[in-house]
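Biologist: I would like a close look at a single part of this chain, followed by how the rest is arranged around it. Please give the cut-offs as the terms come up.

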Amino acid sequence: MTHEVRGVVAPAKGAKVEVTTILVPDPGPGEALVRVQACGVCHTDLHYREGGIGDDYPYLLGHEAAGVVESVGDGVTHVAPGDFVILNWRAVCGECRACRRGRPWYCFNTHNARQTMTLADGTVLSPALGIGAFAEKTLVAAGQCTKVNPAARPEVAGLLGCGVMAGLGAAINTAPVVRGDSVAVIGCGGVGDAAVFGAVLNGARTIIAVDIDSRKLEWARQFGATHVINSRETDPVEGIRALTEGNGADVVIEAIGRPETYQQAFYARDLAGTVVLVGVPTPDMRIELPLLDIFGRGGALKSSWYGDCLPERDFPVLIDLYLQGRLPLDKFVSETIALDAVEEAFAKMERGEVLRSVVTL
């Protein structure tokens, strides 16, 4: 059986997105059909539209989602129809060298659904991050479904599927921030503010938020930043050093993904401190640093893919923290929108007016 549903498609590089009919097959072995209830509008979706990730157009956008499993294929046992799930874009294989070494968050062979979703005329769609959740239903590998407590609202639960998990995980898993650390976060959108709160959860003493937008800095304060620096007005490296007894921060998280801000992060860390890159750069970007500075400063330069999370370990715990009132996921949701408002949501994102627009279906 094939399901005819509405979805948001990026037809060509730089073209406006379109709401159109897509065809979704029933799940085959190892797959799950999910009725999407909510999906956040993430900057990665905009990267897809603009050609910053690939050129396999048309793309079925959307990946930061939660919904209900409608049906599963043969061999699927960990989720069943009716389960409330968060979708993830790194379904681990359990067999590669990273998984065998007990580090499945580094899995080198993550997988997606084998069957394809198409336009009504049969044109094959490329689902964003193997999910494609700006749609009423989507087909994913069953391993991309993580069952969580259905008491959580879909529009907030889905945020753990990408941006919030990326930021939280950069602080909690990748760095990791430890009690008493000084932490600086450069870039205070949704990912950066999640990193700020991750630093709070792990007991950081000083949390410095850096951005060029005073509105975003105020948001960062609401998530627990103890200090803010407007880098239009103050050199961020000097500002961070001034707030850390001249030393620099123990951990600096770069949540923008640009060479100039990465360089700021590098020089704003303490000797033997840690830099974590969680912002997503484009393929053309390059960075140059004196090798002697890398050698002489010690510490660690890390990148954080998906917050080094393991969905089945992290998502249920974080949803429990949310339901206990200890993780303010609601604060990340600036607005809920319909499928046909995604293009305007991209514009609001670029203007810095929202932390997250969330499509509800």
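Where is Leu160 found?

Modeller: Leu160 is found in the loop between helix H3 (154-157) and helix H4. Helices here are DSSP runs of H or I with at least four residues, strands are runs of E with at least two, and both are numbered from the N terminus. Before going on, note that this is a predicted model, in which local features need pLDDT of at least 70 and side-chain atom pairs count only at pLDDT 80 or more, while totals for chains, interfaces and linings use all residues. Residues are numbered from 1 along each chain as its sequence is written, and side-chain values use heavy atoms, with hydrogens and water left out.

Leu160 has a relative accessible area of 0%, so it counts as buried. Buried means under 20% relative accessible area, exposed over 50%, and partly exposed in between, with a 1.4 Å probe and protein chains only. Leaving out residues up to four places away in sequence, Leu160 touches Ile86, Met165, Leu168, Tyr306, Phe315, Leu318, Ile319 and Leu329. A contact is a pair of heavy atoms within 4.5 Å. Ala65 is 95 residues from Leu160 in sequence, yet their C-alpha atoms are 8.1 Å apart.

For contrast, take another loop residue. Gly75, in the loop between strand S5 (64-72) and strand S6 (84-87), has a relative accessible area of 75% and is therefore exposed. Its C-alpha atom is 6.0 Å from that of Pro29, which is 46 residues away along the chain.

Helix H4 (163-174), on one side of the Leu160 loop, is also one of the elements that the buried residues of helix H5 pack against. The others are strand S11 (182-186), strand S12 (206-211), helix H6 (214-222) and strand S14 (249-254). H5 covers residues 190-201, and at 1.5 Å a residue its twelve residues should span 16 Å; the end C-alpha atoms are 16 Å apart, so the two values agree. The expected span is 1.5 Å times one less than the number of residues. Because nine of its twelve residues are buried, H5 is largely enclosed by the rest of the structure. Among the buried ones are Asp193, Val196 and Phe197, along with Gly190, Gly192 and Gly198. Gly203, with a positive phi near 90°, follows the helix.

Strand S12 holds Thr206. At 12% relative accessibility, Thr206 counts as buried. Apart from residues up to four places away in sequence, Thr206 touches Asp181, Ser182, Val183, Thr226, His227 and Leu243.

Gly51 follows H1, and its phi is positive, near 85°.

Tyr48 also belongs to an aromatic cluster with Tyr57 and Tyr59. Rings of Phe, Tyr and Trp (its six-membered ring) pair if their centres lie within 6.5 Å; planes under 30 degrees apart are stacked, over 60 edge-to-face, and the rest tilted. By this rule there are seven aromatic pairs. Tyr57 and Tyr59 form one of them, edge-to-face, at 4.9 Å centre to centre with 75° between the planes. Both Tyr57 and Tyr59 are buried.

Strand S17 (residues 335-337) is the place of Glu335. Glu335 has a relative accessible area of 18%, so this residue is buried. Beyond its neighbours within four places in sequence, Glu335 is in contact with Lys348, Val354, Arg356, Ser357 and Val358.

As for the whole chain, it has eleven helices and 18 strands. Buried residues make up 54% of the 361. Among contacts between residues at least 6 apart in sequence, 70% join residues at least 24 apart. The C-alpha trace spans about 65 × 40 × 40 Å along its principal axes.
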